[in-house]
Amino acid sequence: MTTLKHIAIILDGNGRWAKAHGYPRTQGHLVGTDNVRNIAVAANDEGIKVMTVYAFSTENWKRSKDEVDYLMKLPFLFFNKFMKELMEKNIKITMIGEMEDIPKDTAKVLQKAIDQTSNNTGMILNFAMNYGSRREIINGFNKFLDEYKKDESLKLTEDNFNNYLYTNELPEVDLMIRTSGEQRISNFLLWQLAYSELMFVDVAWPEFTPKMLKECIEAFEKRDRRFGGV
Ligand code: IPE
Ligand code: IPE
Ligand code: MG
């Protein structure tokens with residue numbers, strides 16, 4: 001069993017994977033969605049407590065309407081197919097991001113999955129949906145300001161700022177993995193990744209296997225995390 005509590009994944013490369021195989025981009029998203037199940041089950045088996053997956057960013061609205069519409073359908077497919085198994089494995093679904101701007105029927109499906117699994121005590125599978133880290137930070141600061149207006153003795157600190165973020169109930173991110181070979185953060189967990197270990201894997205998300213996850217975990221265990229000390 002690993003010491004790793006929280007793993008965050010930028011699941012990237014669905015579109016390029018599809019193109020390389022002669023499929024439309026949507027097929028990459030469909031296969032990628034099934035792979036969220038595979039990797040979540042593997043992470044749960046490894047004893048990981050929280051797996052956060054970046055499923056849709058605040059910038060992804062820029063994509064074609066057809067692609068956005070398809071991406072918004074994926075939660076239906078995912079939970080229809082896998083809810084029974086998630087319950088059996090005691091996996092709890094949570095979400096970070098702005099629910100408000102998500103189409104109503106998609107938001108309803110997400111909320112239903114969150115409610116249905118809310119008493120599960122196993123791994124948390126946390127979806128970053130309509131998530132943007134800059135927005136999260138600004139929203140958090142504004143939340144603080146609202147409280148401050150009522151009580152000017154309040155102070156915002158490095159220690160309490162997390163209380164104002166979407167991740168307030170989650171442990172620190174130990175490891176962030178991005179697939180597809182891109183080496184950037186793309187507005188994901190900017191505050192939370194301050195001392196996370198980062199891994200950039202050269203395969204597209206649909207090809208990322210439980211074995212690769214295991215290799216990442218093993219590599220993580222060998223890293224020397226110093227947090228600024230010696
Ligand atoms: C990741 O795959 C999934 C989402 C961002 C929703 P992409 O769709 O970004 O795939 P590429 O990067 O274009 O290959
Ligand atoms: C990041 O991937 C967002 C998600 C995986 C949901 P993108 O494919 O949107 O990121 P960029 O555009 O390559 O930075
Ligand atoms: Mg991409």
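Before the contacts, a cut-off: I count a polar contact when a pair of N or O atoms lies within 3.5 Å. I also keep in mind that this is a predicted model.

**Entry 1, polar contacts of ligand 2.** I started with Arg178, where a side-chain N or O atom is 3.3 Å from an oxygen atom of ligand 2. Next I checked Asp12 and found a polar side-chain atom 3.2 Å from a ligand 2 oxygen. For Ser186, I read 2.6 Å between a polar side-chain atom and an oxygen atom of ligand 2. I then looked up the cover: on its own ligand 2 has 390 Å² of accessible area, and the protein covers 78% of that.

Where does ligand 2 sit? I find ligand 2 in the largest pocket. The residues around ligand 2 include Ile10, Leu11, Tyr54, Phe56, Asn60, Arg63 and Arg184. Sorted by class, I get five nonpolar, four charged and three polar residues in this shell. Strand 2 (residues 50-57) gives the largest share of the shell, four residues.

I moved on to helix 3 (residues 65-88), which holds Val68. Is Val68 buried or exposed? I have Val68 down as buried, because its relative accessible area is 7% and buried means under 20%. I also looked at Thr26, 42 residues from Val68 along the chain; the C-alpha atoms of the two are 9.7 Å apart.

Note on methods:
Residues numbered from 1 in each chain as written. Chains lettered and ligands numbered in written order. Predicted model: local features only at pLDDT ≥ 70, side-chain atom pairs only at ≥ 80, totals over all residues. Heavy atoms only, no water. Near = heavy atom within 4 Å. Polar contact = N/O pair within 3.5 Å; in protein donor to acceptor, adjacent residues only side chain to side chain. Areas by Shrake-Rupley, 256 points an atom, 1.4 Å probe, with all protein chains shown as cover. 1 Å grid on protein atoms, 1.4 Å probe; cavity = no way out; pocket = protein on both sides within 12 Å on 5 of 7 lines; lining within 4 Å. Sits in = over half its atoms within 2 Å of the grid points. Helix = DSSP H or I, 4+ residues; strand = E, 2+ residues; numbered from the N terminus. Nonpolar A, V, L, I, M, F, W, Y, C, P; charged D, E, K, R; others polar. Buried < 20%, exposed > 50% of the residue type's maximum accessible area, 1.4 Å probe, protein only.
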